[in-house]
Amino acid sequence: MLQTIAAFDRIGEENAFAVLARATALAAQGKDIINLGIGQPDFRTPEHIVEAAIKALRDGHHGYTPATGLLATRVAVARRTLTTTGVEVSPENVMILPGGKPTMYAAIVMFGEPGAEILYPDPGFPIYRSMIEFTGAKPVPVPIREENGFAFSAEETLALITPKTRLLILNSPANPTGGVTPRAEIEKLAKGLEKHPHVAILSDEIYDVMTYDGEQHCSLLQFPELRERLIVLNGWSKTWAMTGWRMGWSIWPNSDASSHLYDKVRKLAVNCWSCVNAPSQHAGIAAIDGPQDAVDVMMKAFDRRRKVVVDGLNKLPGVSCITPKGAFYAFPNISKTGWKAKKLASALLEETGVALIGGPDFGVLGEGYIRLSYANSEENILRALERVGNFLAA
Ligand code: PLP
């Protein structure tokens, strides 16, 4: 057998994809599966966005595009950033990539190496830790606690910084918990980070407009003192139901002194994926500049389902669930059911046909929790809750 470098043995997985594969296999055998596992909106990409891609293809946009993205796409992102955050960014600092994940990869490989430490949320999106391990850096989990509404704590985060810390990864609104970190906490963190100028920040804001109950997303971009060491990850996947289009963007530091980071990610793009396909980028512009009614309709549906999920979960034996303030996930505490989380998730899929994800797939502190994505119809959510309830009561 060919021997690859050790780094490849350290790469992890996103178990949501494995659960999806198992759920699909069971469905193919004729089982009635309700999928609350995968983190993608169950809505179609709005029609005017699809049309923009078709038009781009018909107009002959078939070739390579610039490695950093079409200027028009970057200008659209800068315009949207001003609308959502009030912060002016230059299109020169905006990078278009094939999805949200490549920004994660770029930022982590830029700062991770043996001897370095990288802070990441636990429970959190599993790829953070996987990529940190890949680089040989030491993954340092920042605990995300239920009693804190699944927001990160500035104090706890700051206390974990050492002279070896190279990168701090933040995510709000968060996957898998739906937690939204309040502005006051982020202000505290920004203040504390002034004492640690050697730490770069990757802020994953892919769920930025997916908040509820009047909760406002606070972007790290709103702290000018952090701007020179801040990378913001965002993208089209969630907001406009475009997970399969592979369209993401990131915003990189803007001074001459730090524009070398942008140049590095540009070179990485040239080496790895060259560019993002033109029709998707034209679709991306239409998404940003076109009507947002479809996003509003989707968010209203998510909000209704969120209430159905939380109410239903809190009625199940041994289960309690706080109300998530963002994204489209609920992260109920199942520790009083007597089940280990991954075992429960697996038994629920095999025995009741309900697909969801065990909390430990998002980090060791995910034990005692499961993640439900409410990107499914209210009817299916209610059917799933009934099945889970019957299973736990049996
Ligand atoms: N960041 C977070 C927190 C996510 O939950 C996801 C997808 O689930 C991503 C990034 C990746 O997004 P994309 O599918 O655009 O690569």
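Me: Which residues does isoleucine 144 touch, not counting residues up to four places away in sequence?
Reply: Isoleucine 144 touches Pro121, Asp122, Pro123, Phe150, Ala151 and Phe152, where contact means heavy atoms within 4.5 Å. This is a predicted model, in which local features need pLDDT of at least 70 and side-chain atom pairs count only at pLDDT 80 or more, while totals for chains, interfaces and linings use all residues. Residues are numbered from 1 along each chain as its sequence is written, and side-chain values use heavy atoms, with hydrogens and water left out.

Me: Where does isoleucine 144 lie, and is isoleucine 144 buried or exposed?
Reply: Isoleucine 144 lies in the loop between β4 (138-143) and α6 (154-159); helices (H or I, at least four residues) and strands (E, at least two) are DSSP runs, numbered from the N terminus. Its relative accessible area is 10%, so isoleucine 144 is buried, a word that means under 20% relative accessible area, with exposed over 50% and partly exposed in between (1.4 Å probe, protein chains only).

Me: Now threonine 165, where is that found?
Reply: Threonine 165 is found in strand β5 (residues 165-171), and because its relative accessible area is 0%, threonine 165 counts as buried. Leaving aside neighbours within four places in sequence, threonine 165 is in contact with Glu117, Leu119, Leu160, His198 and Val199.

Me: And what does its side chain reach?
Reply: The side chain of threonine 165 reaches the backbone nitrogen of threonine 162 at 2.8 Å. A polar contact is a pair of N or O atoms within 3.5 Å; within protein, one must be able to donate a hydrogen and the other to accept it, and residues adjacent in sequence count only if both atoms are side-chain atoms.

Me: Switching to helix α9, how many of its twelve residues are buried?
Reply: Ten of the twelve residues of α9 are buried, which leaves the helix mostly covered. Those buried residues pack against α2 (47-58), α3 (71-85), β2 (94-97) and β8 (248-251).

Me: What caps the N-terminal end of α9?
Reply: Asparagine 277 does, with a side-chain oxygen that lies 3.0 Å from the backbone nitrogen of serine 280.

Me: How do the axes of α10 and α12 cross?
Reply: The axes of helix α10 (residues 293-314) and helix α12 (residues 378-393) come within 10 Å and cross at roughly 10°, so α10 is roughly parallel to α12. Axes are lines fitted to C-alpha atoms, for helices over the stretch in contact, and angles run from 0 to 180 degrees between N-to-C directions. Angles under 35 degrees count as roughly parallel, over 145 as roughly antiparallel, 65 to 115 as roughly perpendicular and the rest as oblique.

Me: What about α11 and α12 then?
Reply: Helix α11 (residues 341-352) packs with α12 at an angle of about 110°, and their axes are 11 Å apart, so α11 is roughly perpendicular to α12. In α11, Leu344, Ala347, Leu348, Glu351 and Thr352 meet Arg387, Val388, Phe391 and Leu392 in α12.

Me: Last one, what does asparagine 376 touch?
Reply: Asparagine 376, found in the loop between β12 (370-373) and α12, touches Ile34, Asn35, Leu36, Asp42, Arg305 and Ile381, not counting residues up to four places away in sequence. A polar atom of its side chain lies 3.1 Å from the backbone oxygen of asparagine 35.
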